[in-house]
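Here is a short briefing on one protein chain. Keep the sequence and the 3D view open as you read.

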Amino acid sequence: MAVTYDNGQSFELSAEYLRVESPSAEVQGHSAAQKQTIGGKSLVVITKIEPVGNYAVRLIFDDSHQSGIFTWAYLYELGTHEARKWGDYLERLKAKGLSR
């Protein structure tokens with residue numbers, strides 16, 4: 001998914017990255033200690049994007065996940081910190097014996 005901001009910054013965020021970093025409680029939990037590491041999403045596809053007011057979008061994935069509301073601020077955070085967040089995700093996968 002491509003996202004461009006008024007400041008000229010733009011990001012290409014993969015469906016897999018967006019799915020595993022979904023802001024939903026199912027993925028993030030209710031605290032950092034509850035965050036889930038979700039494997040097996042390398043082929044996940046975004047099937048629909050729904051606007052949520054002027055502040056966010058709901059992404060619907062082909063694995064039926066649709067509970068995350070991605071605010072523009074959260075998408076910006078995902079874009080600006082993608083390398084670190086993706087590296088952390090890959091390390092968590094490896095530590096738990098999961099694959100993409």
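This is a predicted model: local features need pLDDT of at least 70, side-chain atom pairs count only at pLDDT 80 or more; totals for chains, interfaces and linings use all residues.

Three strands make an open antiparallel sheet in the order E3-E4-E5. Helix H3 packs on that sheet and touches E4 and E5. The largest nonpolar core has 15 residues, and H1, E4 and H3 each give two or more residues to this core.

**The sheet**

- The sheet is open, its order is E3-E4-E5, and its pairing is antiparallel.
- Strands E3 (46-52) and E5 (69-71) are the edges; each has a single partner strand, so one side of each is left without a neighbour in the sheet.
- From one strand to the next, the twist averages 30 degrees.
- E3 and E4 (residues 56-61) run antiparallel and are joined by six bridges.
- Across that pairing, Lys48 stands opposite Ile60, and Ile49 stands opposite Leu59.
- Glu50 has Arg58 of E4 as its bridge partner.
- E4 and E5 are also antiparallel, paired over three bridges.
- Val57 has its bridge partner in E5, and that residue is Phe70.
- E4 is mostly covered, with five of its six residues buried.

**Turns and loops**

- The hairpin of E3 and E4 has three residues between the strands.
- In this hairpin, Gly53 takes a positive phi near 55 degrees.
- Ser64 lies in the loop between E4 and E5.
- Ser64 also has a positive phi, near 80 degrees, in a residue other than glycine.
- Is Ser64 buried or exposed? Its relative accessibility is 59%, and the cut-off for exposed is over 50%, so Ser64 counts as exposed.

**Helix H3**

- H3 spans residues 72-80.
- The direction of H3 makes about 75 degrees with that of E5.
- Which residues of H3 are buried? They are Tyr74, Leu75, Leu78 and Gly79.
- Seen down the axis of H3, these buried residues fall within an arc of 140 degrees, so they line one face of the helix.
- An α-helix has 3.6 residues a turn, so residues three or four places apart point the same way.

**Leu78 in detail**

- Leu78 is found in H3.
- Its relative accessible area is 0%; the cut-off for buried is under 20%, so Leu78 is buried.
- What does Leu78 contact, leaving aside neighbours within four places in sequence? Its contacts are Leu13, Tyr17, Leu18, Glu21, Phe70 and Lys85.
- Glu21 is 57 residues away from Leu78 along the chain, but their C-alpha atoms are separated by 8.1 Å.

**The nonpolar core**

- Which members of the largest core touch the most other members? They are Leu13, Leu18, Leu59, Phe70, Leu75 and Leu78.
- The elements that give two or more residues to this core are helix H1 (15-20), E4 and H3.
- Leu59 stands opposite Ile49 in the sheet.
- Not counting residues up to four places away in sequence, Leu59 touches Met1, Leu18, Ile46, Lys48, Ile49, His65, Gln66, Gly68 and Phe70.
- Phe70 is on the contact list of Leu59 and on that of Leu78.
- Leu18 is also on the contact list of Leu59 and on that of Leu78.
- Phe70 is itself buried, with a relative accessible area of 0%.

**Aromatic rings**

- How many aromatic pairs does a search of the whole structure find? It finds six.
- Tyr5 and Phe11 form an edge-to-face pair, 6.1 Å centre to centre, with 70 degrees between the planes.
- Both residues, Tyr5 and Phe11, are buried.
- Phe70 and Tyr74 form a tilted pair, 6.2 Å centre to centre, with 40 degrees between the planes.
- Tyr74 has a relative accessibility of 13%, so Tyr74 counts as buried.
- Ring pairs also link Tyr5, Phe11 and Tyr76 into a cluster.

Definitions and conventions
Residues are numbered from 1 along each chain as its sequence is written. Side-chain values use heavy atoms; hydrogens and water are left out. Helices (H or I, at least four residues) and strands (E, at least two) are DSSP runs, numbered from the N terminus. Buried means under 20% relative accessible area, exposed over 50%, partly exposed in between (1.4 Å probe, protein chains only). Contact means heavy atoms within 4.5 Å. The arc is that of the directions from the helix axis to the C-beta atoms. Two strands pair if DSSP finds at least two bridges between them. Axes are lines fitted to C-alpha atoms, for helices over the stretch in contact, and angles run from 0 to 180 degrees between N-to-C directions. Rings of Phe, Tyr and Trp (its six-membered ring) pair if their centres lie within 6.5 Å; planes under 30 degrees apart count as stacked, over 60 as edge-to-face and the rest as tilted. A nonpolar core is a set of buried Ala, Val, Leu, Ile, Met, Phe, Trp, Tyr and Cys residues joined through side-chain atoms within 4.5 Å.
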